[in-house]
Amino acid sequence: MTSSDTAATTGPAPKIVVVMPAYNAARTVRDTHDRIPKMVREVILVDDHSQDDTVAVASSLGIKVIPHPHNVGYGGNQKTCYMEALRCGADVVVMLHPDGQYPPELIGDLVRPILEGHADMVLGSRMLAPGGAAAGGMPRWKRVANWFLTTCENAAMGTHFAELHTGYRAYSAAFLRRVPFLRNSNDFVFDTEVIAQAVAFGQRIAEVPAASRYFTEASSVGFRVGAVYGVKTLWTMVKFVGWRTGVWRVGLFRG
């Protein structure tokens, strides 16, 4: 078999696109971008009306930049990210925070279950490796809250995940076309809602070990915002149980 026959048999390599939901990431985006593996075909940064030079720095790196004229929130930023990735013909979409909290070098591990046909969504879990979250500097109160919320979510959805609150994720294009993420919140609970939708729509979810590090320049949710996020996460689970038991019609899970 010739090399051209092999190419015809295997087809073109899947297009992996990294999306970066950004807000005031001027000091960290360059280092994050420079560590992205070469397997990534395109990088898209959506700037949520930053008050620093995020747009200028990202543009100088050759990243495709989409600036929001107004701040719409973390979930609203992700909606723009995923819509643009689909428009660009992505086969696999990786959400990578531009603040350097998650290591870009793990992208290969994150996309592998999707490329091998074993998953539609992959979560980079900091809890799969014992002590991993603490080693990365995650505050104790966040580790406890993460464990508590993940336990509640697993009970509500009938799942057994190690962590459901990681910001390091990969999605197949088919997943993003199937799951109605545009109906989700524009704030942080978007991440919880999209997992609940994945379960509701029968999507395959995998976890791979991931690390994170907490430092001055990294984005971090404070206690007050975290508490509001926790309440909204639990409310999402109430809606999920109501939908699953048939006592509540919930738009998030309507096909």
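Q: In which helix is Thr80 found?
A: The model is predicted: local features need pLDDT of at least 70, side-chain atom pairs count only at pLDDT 80 or more, and totals for chains, interfaces and linings use all residues. Residues are numbered from 1 along each chain as its sequence is written, and side-chain values use heavy atoms, with hydrogens and water left out. Helices (H or I, at least four residues) and strands (E, at least two) are DSSP runs, numbered from the N terminus. Thr80 is found in helix 4 (residues 74-87).

Q: What is the mean pLDDT of the protein?
A: pLDDT is the predictor's confidence in each residue, from 0 to 100. A value of 70 or more is reached by 92% of the residues. Over residues 1-8 the pLDDT is below 50, and this stretch has two contacts in the model beyond near neighbours in sequence (contact means heavy atoms within 4.5 Å). The mean pLDDT of the protein is 92.

Q: Is Thr80 buried or partly exposed?
A: Leaving aside neighbours within four places in sequence, Thr80 is in contact with Val46, Ile66 and His68. Its C-alpha lies 9.3 Å from that of Leu182, 102 residues apart in sequence. Buried means under 20% relative accessible area, exposed over 50%, and partly exposed in between (1.4 Å probe, protein chains only). Thr80 has a relative accessibility of 23%, so it counts as partly exposed.

Q: What is the relative accessible area of Met20?
A: Met20 is found in strand 1. The C-alpha atoms of Met20 and Ala56, 36 residues apart along the chain, are separated by 15 Å. Met20 is buried, with a relative accessible area of 0%.

Q: At what angle do helix 9 and helix 10 pack?
A: Axes are lines fitted to C-alpha atoms, for helices over the stretch in contact, and angles run from 0 to 180 degrees between N-to-C directions. Angles under 35 degrees count as roughly parallel, over 145 as roughly antiparallel, 65 to 115 as roughly perpendicular and the rest as oblique. Helix 9 and helix 10 are therefore roughly parallel to each other. With the axes of helix 9 (residues 190-200) and helix 10 (residues 223-244) 10 Å apart, the angle is about 20°.

Q: How many nonpolar residues does the contact of helix 9 with helix 10 have?
A: Helix 9 contributes Thr192, Glu193, Ala196, Val199 and Ala200, and helix 10 contributes Tyr229, Thr233, Thr236, Met237, Lys239, Phe240 and Trp243. Ala, Val, Leu, Ile, Met, Phe, Trp, Tyr, Cys and Pro count as nonpolar, Asp, Glu, Lys and Arg as charged, and the others, Gly among them, as polar. Besides three polar and two charged residues, the nonpolar ones number seven.

Q: Within what distance do the axes of helix 7 and helix 10 come?
A: The two axes cross at roughly 10°. That makes helix 7 roughly parallel to helix 10. Residues that meet include Trp141, Phe148 and Leu149 in helix 7 and Phe223, Tyr229 and Gly230 in helix 10. The axes of helix 7 (residues 140-157) and helix 10 come within 9 Å.

Q: Which residues of helix 5 are buried?
A: Strand 1 (16-22), strand 4 (92-95), strand 5 (121-125), strand 6 (169-172) and strand 7 (205-209) are among the elements that cover the buried residues of helix 5. Just after helix 5, Gly117 takes a positive phi of about 80°. In helix 5 (residues 107-115), the buried residues are Ile107, Gly108, Leu110, Val111, Pro113 and Ile114.

Q: What is the phi of His49?
A: Most residues other than glycine have a negative phi. His49 is in the loop between strand 2 (42-47) and helix 3 (54-60). At 35% relative accessibility, His49 counts as partly exposed. His49 is not a glycine, yet its phi is positive, about 60°.

Q: Where does Asn24 lie?
A: Asn24 has a positive phi near 55°, in a residue other than glycine. With a relative accessibility of 34%, Asn24 counts as partly exposed. Asn24 lies in the loop between strand 1 and helix 2 (29-34).

Q: Is Asn184 buried or exposed?
A: Asn184 is placed in the loop between helix 8 (173-178) and helix 9. Leaving aside neighbours within four places in sequence, Asn184 is in contact with Lys79, Phe190, Glu193, Val194, Gln197 and Leu252. At 4% relative accessibility, Asn184 counts as buried.

Q: Which residues is Ala173 in contact with, leaving aside its neighbours within four places in sequence?
A: Ala173 is found in helix 8, and at 5% relative accessibility it counts as buried. The C-alpha atoms of Ala173 and Gly76, 97 residues apart along the chain, are separated by 18 Å. The contacts of Ala173 are with Leu86, Ala90 and Asp91.
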